[in-house]
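Dear colleague,

I am passing on the structure below, and I would be glad if you kept it open while you read the notes that come after it.

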Amino acid sequence: MTTRRTFTMLLATVPVFGLLSTAAMAQDLRDVTFVQPSPSAINSFPVFVAIGEGYFAEEGLNVTVESINGSSAVLQALAAGQAEFGRPGPGPVLAARARGEDAVFIYNVAARSNFGVVVRADSDIQGPEGLRGKVIGTGTADGAEVGFARNVMAGSGLTEGTDYEFLTVGDGGPATVGFTTGAMDAYSASTADAAILNQRGMAVRDITPGEFARFFGNGIATMGNVIENDPEMVAGFVRAFARGHAFALDDANRDTVLAHLKDANPQEGEDVQFQSALFDAVRSKTIPVDMTNGLGYQPPEVWEEWQASLVSGGDLAAPLPDLTAAYTNEFTAMAHEAMK
């Protein structure tokens with residue numbers, strides 16, 4: 001298992017970007033696979049911007065993006081060696097580690113919670129307590145949105161199976177149907193899911209208590225053996241990703257960013273106004289409240305809160321033996337130093 005000491009020792013020899021020679025950049029690129037839990041390019045915008053701007057190529061990487069269904073599927077792909085990097089939620093990462101899988105969170109993309117429990121705009125339900133005896137729809141059976149909703153409900157003293165039920169309905173159109181048919185009374189939605197529902201005429205509002213905003217959402221993860229065997233490749237991926245993230249946050253680059261995202265997912269780019277609004281919503285969740293440590297930083301205290309809430313909600317039987325092994329800020333610190 002990789003330790004924080006191991007990270008530091010391995011990373012001591014990793015070069016920073018900008019020192020690559022022309023000859024090195026001309027060499028064949030290394031193929032790397034990134035798996036995301038939904039087909040949305042906007043939800044993973046730093047990856048596609050980094051691809052479009054050539055940042056991964058400058059690191060000697062040729063990144064292919066694959067879309068699969070939910071965080072658990074992302075972690076399964078990583079554990080099976082089918083991908084080097086993915087974008088799961090923190091809850092599923094902790095659950096995977098509890099099963100003995102050495103998944104490691106290396107970049108906090110959704111620095112502010114990118115999930116919320118929403119109800120129809122005209123619903124009488126005003127908070128989690130109003131969902132007693134009700135059904136909450138989810139996009140997947142075991143994705144990050146499930147753990148988040150379970151935490152929200154537990155915060156109001158409600159227990160799954162006793163006080164409410166989950167129903168896997170999918171996202172987009174199926175979620176709209178879930179509301180219109182009355183199959184569900186609420187939906188655990190990502191920022192993108194809520195925007196899509198509103199855009200499709202299913203007006204929804206968020207009833208999540210404000211204190212849950214601190215629970216950061218999906219981020220970049222890899223496996224401990226990948227870090228141990230090839231820390232330079234991991235560092236290069238994070239550098240390129242961080243550059244793509246920073247580029248996309250600069251409004252001067254907006255048109256270029258949206259063009260990259262349309263290239264990655266033409267369907268999302270068909271309605272320019274909707275694409276722009278959705279990008280704004282998703283992008284806003286990636287900006288840390290405190291930028292002292294830069295983009296991608298993972299507050300250790302919030303990891304503690306995530307673990308406590310998962311134990312309380314029954315998603316984890318007990319605290320992990322070493323929570324700090326589940327994440328590292330080493331790579332983001334190096335990336336920001338290289339970007340100065």
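Predicted model: local features only at pLDDT ≥ 70, side-chain atom pairs only at ≥ 80, totals over all residues.

Five strands form an open sheet of mixed pairing, in the order E7-E6-E8-E5-E9, and its edge strands, E7 (164-168) and E9 (204-206), each pair on one side only. Neighbouring strands of this sheet are turned against each other by 35° on average, when direction is ignored. Strand E6 (residues 134-138) runs parallel to E7, with five bridges between the two, and Thr138 has Thr168 in E7 as its bridge partner.

Helices are found against this sheet as well. Helix H7 (residues 144-155) lies across E5 (115-120), E6, E7 and E8 (186-190), at about 75° to E5, whereas helix H8 (residues 173-180) packs on the sheet by touching E5, E8 and E9, its direction making about 45° with that of E5.

Elsewhere, strand E4 (residues 103-107) pairs with E10 in the antiparallel sense over four bridges, and Phe105 has Ala221 in E10 as its bridge partner. In a regular strand, side chains alternate between the two faces of the sheet.

Lastly, Ser72 sits in helix H5 (residues 71-79). Is Ser72 buried or exposed? Ser72 counts as buried because its relative accessibility is 15%, and the cut-off for buried is under 20%. The C-alpha atoms of Ser72 and Pro37 are 8.4 Å apart, although 35 residues separate the two along the chain.

How values were computed:
Residues numbered from 1 in each chain as written. Heavy atoms only, no water. Buried < 20%, exposed > 50% of the residue type's maximum accessible area, 1.4 Å probe, protein only. Pairing = 2+ DSSP bridges. Axes fitted to C-alpha atoms, helices over the stretch in contact; angles between N-to-C directions. Contact = heavy atoms within 4.5 Å.
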